[in-house]
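Morning, everyone. Let me put the structure up, and then we'll walk through a few spots in it.

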Amino acid sequence: MAIDFAKAFDKITHSSIINACVSFEINPHLVKWLESFLTDRFQRVNIQGSFSDWSPVCSGVPQGSVLGPVLFCLVLNDLSPIFSNSHIIKYADDVVLMHFVRSPYDDQLQSEWNAIVNWSENISLPINFDKCNVLNVVTNKSLSLSPISVSQTNFLRSVQSIVFLGVVLSDDLKWNCHFDRILKKAAKRIYILRNLRRSGCSEDVLWRVYISMVRPILTYAAPSFCNAPDYLWGSLLRFERRLWRIMGIKRDELLNAQDFMNMSCEALFSKIHENADHSMRCLFLPQCSRLPRSRLLLRPPFARTKRFKNSFIRYCK
């Protein structure tokens, strides 16, 4: 379930922020400083040199400030699931509730939704019900899930895919929708490369523009979809070769998107291996080396499916 708060950074109350700071046992002098930072702010509108009257800012955090997202996360930290088979993923104002249902008796998503609504009403942080979606990933065809009711006549919209932190997640657990999205988004940058080449820009300039404006779109969060089938990666590589032909750059000596993905996965595993407190360390099993005074090694978990086997865990060597 993807939950969307209506203008979260603008409508969160100052009292909720201060209460969250107190609950974290922050230094009282710092809490007073934060309260002074938030209160007694005014704003007005300027339209073609005409100014409106000053109005007090009674809620929200200052946009563009370093403390704004931090203070909002302090308030959002209080949001937690009520059932053991639920898990909430929070990143700034993006909230996703994962609810695992193995039998009809485990389906408590409606209760979780009601608890979230009550929590948002208590802190005066409204939910945009029109943008809240439910993605049902069903592996047991005999299991039927109940719709989530907002009122007596309205229900949350059930979708086939959602975008979470720039990655498209589908109900069939395939990456087709994600590849379609990134290819369409990257295709909008072709016009820039064409104009730059027509204006006589060098290959070095074209390559730098490609690396900064197109490559990040194609390879963003690459370790998450590195287990995509070959035909999807083939479509991405064909698109990339097309861009290289437009730029007039030879591709034999360049690093393509799939090679870049391999490097990203290896870098991710290196971070997991070197950091014992990494959040993804639990995916791997410890393995003691026979060599004396050697560091603790990791071995990949047992993969029951080909999709899991082809994920970034295969870089564990």
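So, is Arg 215 buried or exposed? Arg 215 is buried, at a relative accessible area of 5%. For that word, buried means under 20% relative accessible area, exposed means over 50%, and partly exposed is in between, with a 1.4 Å probe and protein chains only.

Quick housekeeping: this is a predicted model, so local features need pLDDT of at least 70, side-chain atom pairs count only at pLDDT 80 or more, and totals for chains, interfaces and linings use all residues. Residues are numbered from 1 along each chain as its sequence is written, and side-chain values use heavy atoms, with hydrogens and water left out.

Back to Arg 215. Its salt-bridge partner is Glu 240, with the closest N and O atoms 3.0 Å apart. A salt bridge here is a side-chain nitrogen of Lys or Arg within 4 Å of a carboxyl oxygen of Asp or Glu. This pair ties together distant parts of the chain, 25 residues apart: Arg 215 sits in helix H9 and Glu 240 in helix H10. Helices are DSSP runs (H or I, at least four residues), strands likewise (E, at least two), numbered from the N terminus. Glu 240 is buried too, at 1% relative accessibility.

How many salt bridges does the structure hold? There are 2. The other one I'll show you joins Arg 208 to Asp 204, at 3.1 Å, N to O. Both residues are in helix H8 (residues 203-213), 4 residues apart, or about one turn of the helix. Arg 208 counts as exposed at 55% relative accessibility, and Asp 204 as partly exposed at 44%.

Now the cysteines. The whole structure has 0 disulfides, meaning pairs of cysteine sulfur atoms within 2.5 Å. Cys 132 is in none, and the nearest cysteine sulfur, in Cys 73, is 18 Å away. Cys 265 is buried, at 0% relative accessibility, and Cys 132 is buried at 1%.

Last stop, a hairpin. Strand E6 (residues 86-91) pairs with strand E7 (residues 94-99) in the antiparallel sense over 6 bridges; to count as paired, two strands need at least two DSSP bridges between them. Ile 88 faces Leu 97 in E7. The turn has 2 residues between the strands, and Ala 92 there has a positive phi of about 55 degrees.
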